[in-house]
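Here's a quick briefing to read alongside the model. Keep the viewer open and follow along.

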Amino acid sequence: MRRIDRIYKQLLHNFYEVTLDELLSKQGNSAQEIAEQLELERSNVSFELNNLVRLQKVIKIKTFPVRYVPVEVVERIFHKKWDISQMEVEHLKQTINQINQTIHTNPFELMIGANGSLKKAISQAKAAVLYPPNGLHMLLLGPTGSGKSLFANRIYQFALFSERLKQEAPFITFNCADYYNNPQLLLSQLFGHKQGSFTGANGDKVGLVEQANEGILFMDEIHRLPPEGQEMLFYFIDHGTYNRLGETDHKRTSKVLMICATTENPGSSLLKTFLRRIPMTINIPSFEERSLKEKIRLTTFLLGKEAERINKNLSVHVDVINALIHSAKFGNVGQLRSNVQLVCAHGFLNNLESENVIDLTVRDLPDELKRDWIFNSKNFERSKEISEYVNIKTIISPIVEDEMTKIDDELSFNLYKLIEEKIEVLKNEGFSETEINQYILTDIHLNIRSFFNQKAFANSNLLKFVGDHVIQITKELKLVAEKELNCKFDRRFIHFLSMHIEAFLKRGKQNDVLNAQETNEIRDTYLKEYHVALIFKEKIQEFFNVMVPEIEVIYLTMLIQSIKSLEENKRVGIVVAAHGNSTASSMVEVATELLGSTPIVAIDMPLTVSPSEIVDSLTEGIKQVDEGEGVLMLVDMGSLAMLENQLEEQTGIKIKTISNVTTSMVLDTVRKVNYLDLNLFAIYDSVKKDFMELFDKQTNPSSKQKALVSICTTGSGTAKKLEEILRAIVSKVSEEPIKILTVSSIKLANNIKEIQKEYEIIATVGTKNPKINAPHVSLEVLIEGNGEKIIQQAVSNGKIQYGNEQIGANIVVQELCEDSLRKHLVLLNPYQITILLLEWVQNMQDELGITFSNTFIIRIIMHTAFTIERMIQNNPIPFPEDEEIDDKLEMLYEKTEKTLKPIEKKLGFKVIRDEKLFIATIFAEEV
């Protein structure tokens with residue numbers, strides 16, 4: 001039996017004959033209780049229980065500790081189907097009561113800004129819900145963090161309050177971005193599928209449209225829904241009928257009010273035909289657009305929610321409210337929530353002995369907020385304005401949560417109880433109060449940042465720089481270290497250790513920057529950490545089949561000790577300087593997000609700034625990050641390195657400079673500064689040795705064989721596809737033998753020099769620019785169309801004259817269409833249909849006298865191929881009867897019909913008028 005099945009079976013057994021009172025009293029089992037019963041690791045049990053929650057088999061009750069109860073147990077006791085939108089709840093009894101109660105208060109009236117910034121939005125939402133007979137579908141527009149999801153939930157609550165929906169009506173939420181790259185799975189989620197309709201469809205599946213029947217379907221990030229999905233959705237909106245994926249003989253019906261949300265411009269991200277089905281567009285204001293009074297109310301409301309978590313009153317100084325209000329510059333209410341949680345966690349830590357009231361003053365602000373507040377010249381004026389609404393010290397009491405004040409909360413644990421537990425553990429370990437505070441504050445930042453709109457960011461960015469297999473082994477090593485050292489490491493351990501291992505694997509032999517005396521001292525001083533590092537060595541050797549030298553064990557020892565250490569050491573400062581409006585800032589943002597705070601500053605240099613302004617900016621940046629150990633400058637051009645001596649004289653600070661900065665280099669430097677106790681020169685030597693080969697620019701003699709280099713992150717997948725495209729392009733324009741090389745961007749730094757020794761690289765194509773003396777074509781440029789011309793010119797030494805029809809069809813479009821259609825078409829031959837449709841598109845271009853972009857050609861070919869497949873399956877989509885057919889659309893329909901006739905003749909069937917109108921509609925959006 002699988003582990004997840006064992007755990008579920010045990011949970012069912014524990015509550016098999018439980019009474020209502022017993023269930024409400026106990027509220028389920030904790031992961032620890034199940035772990036003890038089955039003699040499993042608690043972390044493994046917790047992992048599987050959360051999987052069961054996602055599978056909608058187990059309800060998660062977010063008490064402390066978190067408890068779990070099977071859905072079927074609750075349904076059996078209450079004789080009622082459980083609402084699957086309530087798979088994670090704060091309290092089982094309270095949730096059940098709320099589900100069974102009728103709403104007696106207008107939910108909109110309780111929203112902050114109901115008579116202010118949200119007045120128009122609320123008026124529109126009311127009108128949409130009450131519009132006869134079944135309401136109007138809505139589109140919510142607003143920036144990230146502005147509260148679109150919360151507003152959608154309030155629309156649902158209002159529909160219940162106004163009795164336009166029954167009290168048991170479902171509210172189903174779906175994020176289109178989760179399935180953006182898998183259209184088949186996306187459609188399966190929306191409309192369900194029939195057993196056997198695709199690989200892995202082992203049974204019939206109910207779609208969200210069916211689940212939302214007689215209720216509301218909230219589709220977040222609707223701009224991520226592909227055109228095919230939008231078409232199916234607006235057909236469902238028009239007719240109220242749909243088929244599950246794989247069904248052809250069964251028309252299903254569902255009555256659903258749809259609420260869509262997007263942060264994008266709907267005109268550029270959604271089909272016009274789809275937008276016309278959403279008659280009510282509602283703008284949700286950003287935090288900046290709210291009035292000062294509303295900003296204060298939002299801030300005090302969120303503080304009240306934290307007071308409820310802590311179960312104590314908060315005494316908040318006006319300066320704290322001032323700093324919080326002006327901290328949400330880009331993240332809107334979502335960022336404000338994150339900052340409120342940080343401030344309250346700091347205050348909680350500083351007021352542990354207080355029984356009733358937590359004082360929140362400027363000292364409780366996180367460092368970045370404190371700096372912004374201290375150096376802002378408008379503080380006095382702002383605080384004066386705010387004091388008209390609040391006292392110098394405002395007492396904020398806990399806000400008891402009910403359905404009307406509930407906000408979606410990503411934190412699935414009580415942070416304050418967690419802090420108390422960790423402090424107790426650290427006290428028992430003998431740590432001082434200063435050391436405990438330092439550790440806890442670091443942990444607070446990590447926990448909160450990881451839960452507020454950053455969950456996906458950290459992992460997705462980490463995967464750009466290290467392989468998934470490295471992260472896998474690092475997670476195992478983390479468990480080893482925690483067990484051997486009897487402590488817990490936060491997620492930074494994964495970030496730093498995985499990048500360290502990745503660097504070791506790419507580097508091979510470790511360059512020693514420590515002498516024998518230093519290595520012996522490390523072994524003798526950190527015995528426990530050295531023992532753990534030896535275990536790491538064995539596991540790394542076994543996992544990667546490599547030899548780990550002794551010096552690497554020493555580095556691992558230093559890394560473990562540094563992560564574990566609570567001492568605040570002076571570190572080498574880092575200045576990242578690059579030309580452009582945000583080049584340096586982007587690299588620094590990624591590094592600090594992944595690896596935490598460090599003395600680092602970004603200097604962006606627009607092309608319009610003068611040399612003297614550059615020197616002034618660098619001087620100020622160097623002084624800002626200097627902690628007494630010198631500053632390492634990472635710059636994009638060698639000319640900036642020439643300023644090293646001048647800057648040293650002006651600042652009196654020791655400086656070393658490395659040119660050709662990349663994001664990977666910044667990450668490596670931050671890792672070494674934060675976690676390897678090395679001086680400026682040791683870090684400079686280490687970074688330079690690791691990255692120098694990437695910058696070696698060797699010119700190959702023309703007598704060498706010519707080569708095109710295809711580059712992607714792994715050296716397979718995308719690069720292999722590029723290799724096929726490049727080979728096709730070369731065969732069209734040159735008879736000279738040209739080698740096509742496929743390399744990984746990760747290994748590019750080590751391999752580029754060897755490639756240049758043997759070949760004359762005439763061009764590179766792919767995800768990373770190796771910055772050699774040859775043209776580089778990015779994937780975007782290649783797909784847009786210009787890249788193919790650049791490659792042709794490079795291959796033929798500039799002898800190609802564009803307009804020469806002997807070059808043949810658009811190779812990039814052909815290859816990409818074939819590749820995509822091969823994955824989705826069932827009946828048609830992808831190669832043959834692509835050739836036919838490329839000729840057809842060319843005929844349409846001739847008819848219209850215009851040239852389409854590659855991206856549009858790919859889109860129209862994909863759509864038309866699916867149209868033809870539907871015709872073969874006798875499952876066409878009818879064109880909406882109320883859709884206006886103007887002169888332009890009629891003209892495009894006639895040209896579509898005319899140019900499609902040769903294809904219809906070859907395939908032996910006709911495409912119906914409705915499907916041709918859809919094709920003409922797509923052309924209308926481009927012409």
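What follows goes from the whole chain to a few local spots.

This is a predicted model, with a mean pLDDT of 78 for the protein. The secondary structure comes to 41 helices and 24 strands, and 52% of the 927 residues count as buried.

**Confidence**
- A pLDDT of 70 or more is reached by 80% of the residues.
- Watch residues 509–513, where the pLDDT is below 50; the model still gives this stretch 12 contacts beyond near neighbours in sequence.
- Residues 693–701 also stay under 50 in pLDDT, and the model has 22 contacts for them beyond four places in sequence.

**Overall picture**
- Take the contacts in the protein with a separation of 6 or more: 73% of them come from residues 24 or more positions apart.
- The protein exposes about 44200 Å², and carbon and sulfur atoms supply 48% of that area.

**Helix α41**
- Helix α41 covers residues 913–926, 14 residues in all, and spans 20 Å from its first C-alpha to its last, close to the 20 Å expected at 1.5 Å a residue.
- Its buried residues are E915, K916, L917, F918, I919, A920, T921, I922 and F923.
- What do those buried residues of α41 pack against? Their partners are α11 (227–239), α13 (272–275), α38 (830–848), α39 (854–872) and α40 (887–907).

**Aromatic pairs**
- Searching the whole structure turns up 14 aromatic pairs.
- One of them is F856 with F923, a tilted pair at 5.8 Å centre to centre and 55° between the planes.
- That pair ties together distant parts of the chain, since F856 sits in helix α39 and F923 in helix α41, 67 residues apart.
- Elsewhere, F108, F151, F158 and F161 form one aromatic cluster.

**A four-stranded sheet**
- An open sheet of 4 strands runs in the order β1-β3-β2-β4, and its pairing is mixed.
- β2 (residues 58–61) pairs with β4 in the parallel sense over 2 bridges.
- Across from V89 in β4 you'll find I61.

Note on methods
Residues numbered from 1 in each chain as written. Predicted model: local features only at pLDDT ≥ 70, side-chain atom pairs only at ≥ 80, totals over all residues. Heavy atoms only, no water. pLDDT = per-residue confidence, 0-100. Contact = heavy atoms within 4.5 Å. Expected span 1.5 Å × (residues − 1). Buried < 20%, exposed > 50% of the residue type's maximum accessible area, 1.4 Å probe, protein only. Areas by Shrake-Rupley, 256 points an atom, 1.4 Å probe, with all protein chains shown as cover. Pairing = 2+ DSSP bridges. Phe/Tyr/Trp six-rings, centres within 6.5 Å; stacked < 30°, edge-to-face > 60°.
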